[in-house]
Amino acid sequence: MTDGVFNQSERRRQKRDPIAFILECLYSKGRSLVPESYLGEEVLWRLLREVSNVFKPRFNLYQTLQICTMNSIMRTASRCLRSGAYRTAQTNGELLSGWARLMCSSSAGQKTLEELVKKDRVVIFMKGTPAQPMCGFSNAVVQILRMHGVDSYAAYNVLEDQDIRQGIKTLSNWPTIPQVFFNGEFVGGCDILLQMHQSGDLVEELQKLGIRSALLDQEK
Amino acid sequence: MLSSALRCLRPSTCTLALTRQLTHHRPHMGPVETTIRNKLGQALKPEHLEVMNESHMHAVPAGSESHFRVLVVSPQFEGLSLLQRHRLVNETLREELSSCVHALAIQAKTPQQWSSNPSLAKSPPCMGGSKHDNTMAEKLKAGRD
């Protein structure tokens with residue numbers, strides 16, 4: 001599992017100080033796209049300490065078989081940070097173990113997305129964020145979920161990451177955004193969610209997920 | 001004379017109700033809209049079909065064909081779930097969706113559902129997403145070619 005992305009000088013720096021190298025890569029290739037509100041310096045450092053614990057005993061990074069190459073780690077790291085998948089409410093322990101799982105995946109990309117959709121009970125891919133949607137259809141999805149009192153769900157902004165945008169369309173075989181997943185299963189887009197809401201099916205579906213819709217309480 | 005009046009009214013300040021009436025009288029149907037109509041007509045043999053170009057409601061240049069709303073009433077939807085119906089429509093329009101059509105709002109009904117509730121849904125107002133989307137320029141070019 002080698003790749004010829006790093007040149008001679010980069011490899012020398014890598015050997016001398018792996019942590020600084022990782023930091024540099026993340027900062028130069030991924031940092032500019034990291035949304036400030038999600039991860040601070042401190043968490044980033046802890047993440048990297050975890051990574052370096054794995055790499056310290058090994059001088060030759062390209063010999064590790066279980067863990068994917070440096071380049072794909074960088075890509076995964078940047079993508080995950082950019083996707084804003086990690087909310088600040090998560091504990092650092094949870095965050096780091098999630099990272100360990102991702103690092104061990106052999107191909108960052110499709111598999112990462114598959115894990116993303118299964119991570120939370122309700123997952124949506126939208127344009128913009130729930131606080132600031134950038135599309136009328138995405139906004140409709142957010143409003144419907146809000147009406148039902150669903151406030152803890154994962155929302156990924158596809159405008160920030162073209163890889164996620166293309167990847168999720170491939171994964172669900174659905175050509176448009178927004179996309180809604182319940183328990184890792186694709187439910188549909190804005191139209192379908194709206195019709196489910198109007199017909200009352202959405203309340204049932206949420207119940208199956210163990211979420212009590214706020215509309216049930218309103219009726220009383 | 002009607003077409004020049006329509007051209008003057010094209011800017012996005014038009015109210016939704018007004019544009020709904022006008023679209024039915026619009027003399028010029030773009031190539032993408034025609035293709036969509038033909039494909040859906042052939043594949044799904046609908047009893048009722050409406051294809052609306054809603055690009056003027058969004059942050060794209062005038063005359064674009066990027067945002068559509070379709071209403072399909074077809075007996076082929078009997079026994080299919082919402083998702084399956086929508087997937088059927090998406091499959092039919094796969095080529096358009098992968099090139100120039102950026103958004104497709106679908107209403108897929110069986111003839112019974114349509115006769116019991118013959119209403120058209122309205123699209124939510126644009127929130128400017130296409131302005132922030134750097135892939136839109138290529139998609140619009142693909143539409144014009």
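Modeller: In this predicted model, chain A and chain B bury about 2,000 Å² between them, and 59% of that area is on carbon and sulfur atoms. The size of an interface is often given as the accessible area lost when the parts come together. On the side of chain A, the residues that lose the most area to chain B are M134(A), F137(A) and D191(A), which together account for 26% of what that side buries. Counted by residues, the contact takes 23 from chain A and 26 from chain B. Between chain A and chain B the count of salt bridges is 0.

One pair of helices across this contact deserves attention. Two packed helices are described by the angle between their axes and the distance between the axes. Here α9(A) packs with α4(B) at an angle of about 155 degrees, and their axes are 10 Å apart. Because angles over 145 degrees count as roughly antiparallel, α9(A) is described as roughly antiparallel to α4(B). The crossing in which α9(A) passes α4(B) is right-handed. As for the residues involved, D191(A), I192(A) and Q195(A) in α9(A) meet L82(B), L83(B) and H86(B) in α4(B). Sorted by class, this contact of α9(A) with α4(B) has 3 nonpolar, 2 polar and 1 charged residues.

In chain A, helix α9 (residues 190-199) is followed here to helix α10 (residues 201-208); their axes come within 5 Å and cross at roughly 100 degrees. That angle makes α9(A) roughly perpendicular to α10(A). From α9(A), the residues L193(A), M196(A), H197(A) and S199(A) meet D201(A), L202(A) and E205(A) of α10(A). The residues of this contact of α9(A) with α10(A) divide into 3 nonpolar, 2 polar and 2 charged.

In chain B, helix α4 (residues 82-92) packs with helix α3 (residues 31-44) at an angle of about 125 degrees, with 9 Å between their axes. The two helices α3(B) and α4(B) are therefore oblique to each other. The passage of α3(B) across α4(B) is a right-handed crossing. K39(B), L40(B), A43(B) and L44(B) in α3(B) meet L88(B), V89(B) and T92(B) in α4(B). By class, the contact of α3(B) with α4(B) has 5 nonpolar, 1 polar and 1 charged residues.

K39(B) leads on to another kind of contact. Side chains of opposite charge can pair when their charged atoms come close. The side chains of K39(B) and E95(B) meet in a salt bridge, at 3.8 Å from N to O. K39(B) lies in helix α3 of chain B and E95(B) in helix α5 (residues 94-98) of chain B, so the pair ties together parts that are 56 residues apart in sequence. Over all chains the count comes to 7 salt bridges.

Finally, chain A has a loop with two local details of the backbone. P178(A) is placed in the loop between α8 (162-172) and β3 (179-182) of chain A, and the peptide bond from I177(A) to P178(A) is cis, with omega near 15 degrees. N173(A) also lies in the loop between α8 and β3 of chain A. Phi of N173(A) is near 55 degrees, a positive value in a residue other than glycine.

Technical notes: Residues are numbered from 1 along each chain as its sequence is written. Chains are lettered from A and ligands numbered from 1 in the order in which they are written. This is a predicted model: local features need pLDDT of at least 70, side-chain atom pairs count only at pLDDT 80 or more; totals for chains, interfaces and linings use all residues. Side-chain values use heavy atoms; hydrogens and water are left out. Axes are lines fitted to C-alpha atoms, for helices over the stretch in contact, and angles run from 0 to 180 degrees between N-to-C directions. Helices (H or I, at least four residues) and strands (E, at least two) are DSSP runs, numbered from the N terminus. Angles under 35 degrees count as roughly parallel, over 145 as roughly antiparallel, 65 to 115 as roughly perpendicular and the rest as oblique. Contact means heavy atoms within 4.5 Å. Ala, Val, Leu, Ile, Met, Phe, Trp, Tyr, Cys and Pro count as nonpolar, Asp, Glu, Lys and Arg as charged, and the others, Gly among them, as polar. A crossing is left-handed if the near helix is turned anticlockwise from the far one by less than a right angle, and right-handed if clockwise. Buried area is the accessible area (1.4 Å probe) that two parts lose on being put together, summed over both. A salt bridge is a side-chain nitrogen of Lys or Arg within 4 Å of a carboxyl oxygen of Asp or Glu.
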